[in-house]
Amino acid sequence: MSNKKYDVRHKYDSTADRYDTRYSDIQMQKYFEIFSEIKLVKSGTIIDVGGGTGLFLDYLQSKKLTTVITDISVEMLKEGRKKNPHGFFVCADSEYLPLRKNIGDLITCISVIQNLENPQKTLEECYFIIKKDKHFVLTALKKLFDLEKLCKIVEKIGFNIIKTWLLSLEDITIIAGKE
Ligand SMILES: C[S@@+](CC[C@H](N)C(=O)[O-])C[C@H]1O[C@@H](n2cnc3c(N)ncnc32)[C@H](O)[C@@H]1O
C-alpha cells in the first residue's frame, strides 16, 4: 500500500468514532439533495464506494435494499456495522474492488475522491460493477475539482453523463449511467 493510502486509512481509522457526530448533518443534506433530483431504486443492490460509517445506509433506512458499503478503513466500517447489522461491509481499496461485473443497481461514491491517489481507477471500478441503465452518483469537493474536467474523465471511462449540478454545500455532483 502506498504512503498516501496508508495515511488516509490511518486518518479515518483514528477518527472513525467521531465521524458521524462531525459529518452526519452535512452528509445527510447531500443525500437529501441528490435524491431530490433522481429517484432512489426500489429494489436490487446499492453499492456505496468509500461509504465509511454507512451514513448513506442510515439515510436509506430500508432493510429491503441490499446495500454494500466498501471502504479502505476498517474502523469506519465497524462503526457502520454497529448501527446497521443488516448492511454488508467490505474492507477494500476502491481502486481494486473485490466485486463482480454488472451487479450494482445504484453505485454511489460520495465525498471520497479527494482522498484518492488515482480517481480514474476508482471510476473504472465503478463502471465495471454497475449494471446497464443504472445510476452512478459521484460527488467531489468543488474547491478541489473542476466539474468539466471531471465529466471528461467520467465520459472517457464509458459513462454517459445524465445530470450535473452544484450541491448547496461543498460538492459538485455528477449523475452518470452505463449504456
Ligand atoms: C469523507 S469520508 C465519506 C464517507 C461516506 N461516503 C459518507 O458519505 O459519509 C471519505 C471516505 O473515503 C474512504 N476512502 C479513502 N480512500 C479510499 C480508498 N482508496 N478506497 C476506499 N475508501 C477510501 C475513507 O476511509 C472514508 O471513509
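User: Which residues of helix α3 are buried?

Analyst: The model is a predicted one. Helix α3 covers residues 74-83. A residue is counted as buried if 20 or more other C-beta atoms lie within 10 Å of its own. By that criterion the buried residues of α3 are Glu-75, Met-76, Leu-77, Glu-79 and Gly-80.

User: Against which elements do the buried residues of α3 pack?

Analyst: The partners of these buried residues include both helices and strands. The strands are β2 (66-71) and β3 (88-91), and the helices are α1 and α2. The elements are therefore α1, α2, β2 and β3.

User: Are α1 and α3 roughly parallel or roughly perpendicular to each other?

Analyst: The axes of α1 and α3 come within 7 Å and cross at roughly 30 degrees. The crossing is right-handed. Angles under 35 degrees fall in the parallel class, so α1 and α3 are roughly parallel.

User: How do the residues of the contact of α1 with α3 divide by class?

Analyst: From α1, the contact draws on Tyr-12, Asp-13, Ala-16, Asp-17, Tyr-19 and Asp-20. From α3 come Val-74, Glu-75, Met-76 and Glu-79. By class, the residues of this contact divide into five nonpolar, no polar and five charged.

User: Which element gives the most to the shell around the ligand?

Analyst: The ligand is surrounded by 22 residues, and the closest are Tyr-12, Gly-50, Gly-52, Ser-73 and Ser-94. Two helices, α1 (3-37) and α2 (55-60), each supply at least two residues of the shell. With five residues, the element that gives the most is α1.

User: What is the orientation of α4 relative to α5?

Analyst: The axes of helix α4 (residues 119-129) and helix α5 (residues 147-157) come within 10 Å and cross at roughly 45 degrees. This angle makes α4 oblique to α5.

User: Which residues make the contact between α4 and α5, and what is the handedness of the crossing?

Analyst: On the α4 side the contact is made by Gln-120, Leu-123, Glu-124 and Tyr-127. On the α5 side it is made by Ile-153, Val-154 and Ile-157. By class, the contact has five nonpolar, one polar and one charged residues. The crossing of α4 and α5 is right-handed.

User: Is Val-154 buried or exposed?

Analyst: Val-154 lies in helix α5. Beyond four places in sequence, Val-154 touches Leu-123, Leu-138, Phe-159, Ile-161, Ile-174 and Ala-176. Because 22 other C-beta atoms lie within 10 Å, Val-154 is buried.

User: How far apart in space are Val-154 and Leu-166?

Analyst: Val-154 and Leu-166 are twelve residues apart in sequence. Taken from C-alpha to C-alpha, their separation in space is 17 Å.

User: Is Ile-130 buried or exposed?

Analyst: Ile-130 belongs to strand β5 (residues 130-141). Not counting residues up to four places away in sequence, Ile-130 touches Gly-104, Ile-107, Phe-136 and Lys-178. Since Ile-130 has 23 C-beta neighbours inside 10 Å, the residue counts as buried.

User: What is the distance in space between Ile-130 and Ile-47?

Analyst: In sequence, Ile-130 and Ile-47 are 83 residues apart. In space, their C-alpha to C-alpha distance is 8.7 Å.

Note on methods:
Residues are numbered from 1 along each chain as its sequence is written. This is a predicted model: local features need pLDDT of at least 70, side-chain atom pairs count only at pLDDT 80 or more; totals for chains, interfaces and linings use all residues. A residue is near a molecule or strand if its C-beta atom, placed from the backbone, lies within 6 Å of it. Helices (H or I, at least four residues) and strands (E, at least two) are DSSP runs, numbered from the N terminus. A residue is buried if 20 or more other C-beta atoms lie within 10 Å of its own, exposed if 12 or fewer, and partly exposed in between; C-beta atoms are placed from the backbone. Two residues are in contact if their C-beta atoms, placed from the backbone, lie within 7 Å. Axes are lines fitted to C-alpha atoms, for helices over the stretch in contact, and angles run from 0 to 180 degrees between N-to-C directions. Angles under 35 degrees count as roughly parallel, over 145 as roughly antiparallel, 65 to 115 as roughly perpendicular and the rest as oblique. A crossing is left-handed if the near helix is turned anticlockwise from the far one by less than a right angle, and right-handed if clockwise. Ala, Val, Leu, Ile, Met, Phe, Trp, Tyr, Cys and Pro count as nonpolar, Asp, Glu, Lys and Arg as charged, and the others, Gly among them, as polar.
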